[in-house]
Amino acid sequence: MHLLTLSLRNLARRRTRSLLTAAGVAVAIGGLIGLIGTVRGLERGWIAKLARRDSDVLVVRKGTVEILSATLDERIAPEIARIAGVAEVSGELLDLIDLDNGEMIILAGWPASSRFWNTLRIKSGRLPTAASGQEVIIGQSTAAALAKKPGMPIMLGGSEFRISGIFAQRDVLADWGVIMPLAAMQVLLEKQGRVTVFNLRLEQSGQSFVSRVIENLRDKFPTLTFTETSEVGDNNSVLRVLRSTAWVVSLIALAIAVVVIINTLMMSVVERTPEIGVLRAVGWRSSTIFALVATEGMILTAIGTVLGIGLGLATLHWVLTMSPLRGMLEAGLSVRIIGEVFAAALLLGSAGSLIPAWHALKLDPIQALRSE
Amino acid sequence: MITTPILALEGVSRRYAQGVTALQEVTLQIAPGVSVALRGPSGCGKSTLLHMLCGLDRPSAGRALFNGTQPASAGAWARIRAARIGFVFQAFHLLPMLNAMENVQIPMLGIERNARSRRRRAETLLERVGLAARACHRPGQLSGGECQRVAIARSLANKPDVILADEPTGNLDSQTSAAILGLLADIHKSDGVTLVMATHDATISSFAQRTIHMLDGRLLVLPSAEAVISCTC
Ligand SMILES: Nc1ncnc2c1ncn2[C@@H]1O[C@H](COP(=O)(O)OP(=O)(O)O)[C@@H](O)[C@H]1O
Ligand SMILES: [Mg+2]
């Protein structure tokens, strides 16, 4: 028998209470993982990938908080294209719309001449023709969800379009997008002459070259924001707000988990006063008694954290595949982040256990041993 | 020549906050290897005295010595209890979630590093108290007498020089009591441990070499209360 055996037996003795405590920790950790995972997923999946394609710089209106709500005048494009180092400017209109079945998807509009069209992998059908004005190409998941095939109609924003083809996996729009010629989308949204972003391709991709061109662009177009696509996630205000919210909520969740652990151990220590008296009577050192209680706390934390990580990953899986957010984010949790959460939780749980462990030493167990 | 008493109290008093005095200037010396019965009515201070003898409780006045020296701290007393003193309680105080084997090993944790040695010693001790067949039973599955045997085995875990027993038969019927007292006396005789048993039960005296009587926090020593009880038999 070891000290660990004793800790485990003590927890097993009040099985329901131990499990409830672990469950409390699990819910906190699960929420934390779900939140962080969602925010990271948004970061990696949606906004970052909006620009990733093969563009180097993303251009939006200055002061834009939410990228989809701002628009730019299409006619700036040729002016930007004139700046030295800019190889190509491609306008893009983006929006989120609801489909008839309540599904939320990303709608993108590309100019007929955009090179983005060539990056789509067509599964069936063909690209929409600009001339028809009423054709769209849809992602395979959207197609599957709506049971659509090329040639069938689809209602978008109250207008009927014809599906010219189905594409597979094209980064952000993943499988969940609908893409149409820019002109048609501008009409649909009554945003004639407007785009959401310009995607710039530069002549070279070296870091110093890119910085120089961006410097120059910022000088010439003070009302626009130029962001290297690799930094889009970092600079996005919505993500910043989400990230700090996730942090605050996570800290609160962790704090609650620690309080739950402290509370349970405290109860358990107090009700075991005579047993702690016996341990004292047989000559256990304070440090051993301390270690016993702290070990119980660590075991509870570890069980709760493992359950919580499972719960969090399950939640995240739901967010990624079934929630209204699906298609907009990409699994963003690395093993490293999970490891860090595990370590942080264990550390906090252990730190929390120190309080009841300390309390165990302050008890006066002698009275409980007295025979009457 | 006088041997150094293994246990000694010098003018020890224990007062509680509420003005209760549980012990009043008790002076006592117990020589190594004797067996002593500490008798007196309930509430006279027997448990308090036993706690003083092993440093579980600290005197309000006076000093408690072990083997002629005064341990400097609670930690020093803990080390002495771990290595040299076994304690047996009226209410057994076995840990309910551990079986007999495991209960006996409790004092060995942190003393005997080798888990197999702990096991082997626990087996030997359970055999010694006649409970080899009950090694895997938990306290809830044992009778009162069996629980007290496990507790006695536990008190012997680290080969102590002293066993302090506080009302060891208080929760047992008379037949079982006699068996338990017989076991303690037997251990005293064969191992040469110093045995101090507190009880309000008159039958215990026949199992001890000496009997000390207590009343209201004092030792009753005739003719003079000043006399030092040196149980150097
Ligand atoms: N914590 C305490 N506060 C006040 N009085 C106490 C406390 N503990 C014990 N006493 C009193 O001290 C006296 C001696 O107690 P105890 O040593 O347990 O006696 P015994 O073991 O002989 O029955 C009793 O009168 C008891 O009520
Ligand atoms: Mg008593």
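Predicted model: local features only at pLDDT ≥ 70, side-chain atom pairs only at ≥ 80, totals over all residues.

Me: OK, how many residues does helix H4 of chain B have, and what does it reach from first C-alpha to last?

Reply: H4(B) runs over residues 115-128, which is 14 residues, and reaches 20 Å, close to the 20 Å expected.

Me: Which residues of H4(B) are buried?

Reply: Arg118(B), Ala122(B), Leu125(B) and Leu126(B). They cover an arc of only 100° around the axis, which puts them on the same side of H4(B).

Me: What do the buried residues of H4(B) pack against?

Reply: Helix H3 (100-105) and helix H5 (144-155) of chain B. On the other side of H4(B), Arg116(B) and Glu127(B) are exposed.

Me: And what caps the N-terminal end of H4(B)?

Reply: Asn114(B), with a side-chain oxygen 2.7 Å from the backbone nitrogen of Arg116(B). After H4(B) comes Gly130(B), with a positive phi near 80°.

Me: Switching to ligand 1. Which residues come nearest?

Reply: Of the 15 around ligand 1, Arg370(A), Gly43(B), Lys46(B), Ser47(B) and Thr48(B). The site is shared between chains, because residues from chains A and B surround ligand 1.

Me: Which helix gives the most to the shell around ligand 1?

Reply: H1 of chain B, residues 46-53, with three residues.

Me: What lies 2.7 Å from an oxygen atom of ligand 1 on Ser47(B)?

Reply: A polar side-chain atom. For Lys46(B), a backbone N or O atom is 2.8 Å from a ligand 1 oxygen. The protein covers 78% of the 560 Å² of accessible area that ligand 1 has on its own.

Terms used. Residues numbered from 1 in each chain as written. Chains lettered and ligands numbered in written order. Heavy atoms only, no water. Helix = DSSP H or I, 4+ residues; strand = E, 2+ residues; numbered from the N terminus. Expected span 1.5 Å × (residues − 1). Buried < 20%, exposed > 50% of the residue type's maximum accessible area, 1.4 Å probe, protein only. Arc of directions from axis to C-beta. Contact = heavy atoms within 4.5 Å. Polar contact = N/O pair within 3.5 Å; in protein donor to acceptor, adjacent residues only side chain to side chain. Near = heavy atom within 4 Å. Areas by Shrake-Rupley, 256 points an atom, 1.4 Å probe, with all protein chains shown as cover.
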